[in-house]
Amino acid sequence: MSAAHWRAGLRCPACGFRLSARTTLCENCGAVVPVAELAGSGAVSRSLSLVLGRPLGSLSILEIARILAWVPLLVGPPIAALAIIALKVAQQPERLHERAWQGPALVAALNIALSLVVWHYAAQEISAIASALWTQFDTFVRPALPTGAGKAVEI
């Protein structure tokens, strides 16, 4: 059975709406189809169902953007949330003025900024610790090294 034939009979797991062979988004409820297919495998869906309280395939694109916007210390998920929001706003510009789309965009932008600040200071701290360890290692190893001129042969 080809992938196109298999997808031709595909229905949205959230609402049961018949999906076209080339869609990635349910036209009826907004559920993301690849996410719904992944949810069909079971393991991801069960674990996220415990966390979210409902199946992964039933999430709308806005809810996925909200979840991604709140992931701390990782810059990738909030950037993905901003990309989702930007694509959806480009499709329907009136969404730009809706609070439901502005909130996750603001959270994602703030999360990116704060994550970069945290990683900047973390890098400084790690650099200071590495420098202090190198200094301690150098004071420990230097007395053990032989002193004096080496026995090199001139060319």
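**Helix packing in a predicted model**

Trainee: Is the crossing of α5 and α6 left-handed or right-handed?

Mentor: This is a predicted model. For α5 and α6, the crossing is left-handed.

Trainee: Are α5 and α6 roughly parallel or roughly antiparallel to each other?

Mentor: Helix α5 covers residues 76-91 and helix α6 residues 99-141, and their axes lie 9 Å apart at an angle of about 150°. Angles over 145 degrees count as roughly antiparallel, those under 35 as roughly parallel. The pair α5 and α6 is therefore roughly antiparallel.

Trainee: How many nonpolar residues are in the contact of α5 with α6?

Mentor: On the α5 side are Pro78, Ile79, Ala81, Leu82, Ile85 and Lys88, and they meet Trp101, Pro104, Ala105, Ala108, Ala109, Asn111 and Ile112 in α6. By class, one residue of this contact is polar and one charged, and the number of nonpolar residues is 11.

Trainee: Is Asn111 buried or exposed?

Mentor: Asn111 is found in helix α6. Outside the four places on either side of it in sequence, Asn111 touches Ala69, Trp70, Val71, Pro72, Leu73 and Pro78. The cut-off for buried is under 20% relative accessible area. Because its relative accessibility is 11%, Asn111 counts as buried.

Trainee: What is the orientation of α4 and α5 to each other?

Mentor: The axes of α4 (residues 61-69) and α5 come within 7 Å and cross at roughly 150°. The crossing is left-handed. With over 145 degrees as the cut-off, α4 and α5 are therefore roughly antiparallel.

Trainee: Which residues of α5 make the contact with α4?

Mentor: The α4 side consists of Ile61, Ile64, Ala65, Leu68 and Ala69. By class, the contact of α4 with α5 has 11 nonpolar residues, no polar and one charged. The α5 residues are Pro77, Pro78, Ala80, Ala81, Ile84, Ile85 and Lys88.

Trainee: What percentage of the residues of the chain count as buried?

Mentor: The chain has six helices and zero strands. Its accessible surface comes to about 11,000 Å², of which 67% belongs to carbon and sulfur atoms. Of the 155 residues, the buried share is 24%.

Terms used:
Residues are numbered from 1 along each chain as its sequence is written. This is a predicted model: local features need pLDDT of at least 70, side-chain atom pairs count only at pLDDT 80 or more; totals for chains, interfaces and linings use all residues. Side-chain values use heavy atoms; hydrogens and water are left out. Helices (H or I, at least four residues) and strands (E, at least two) are DSSP runs, numbered from the N terminus. Buried means under 20% relative accessible area, exposed over 50%, partly exposed in between (1.4 Å probe, protein chains only). Accessible areas come from the Shrake-Rupley method with a 1.4 Å probe; for residues, only the protein chains shown count as cover. Axes are lines fitted to C-alpha atoms, for helices over the stretch in contact, and angles run from 0 to 180 degrees between N-to-C directions. Angles under 35 degrees count as roughly parallel, over 145 as roughly antiparallel, 65 to 115 as roughly perpendicular and the rest as oblique. A crossing is left-handed if the near helix is turned anticlockwise from the far one by less than a right angle, and right-handed if clockwise. Contact means heavy atoms within 4.5 Å. Ala, Val, Leu, Ile, Met, Phe, Trp, Tyr, Cys and Pro count as nonpolar, Asp, Glu, Lys and Arg as charged, and the others, Gly among them, as polar.
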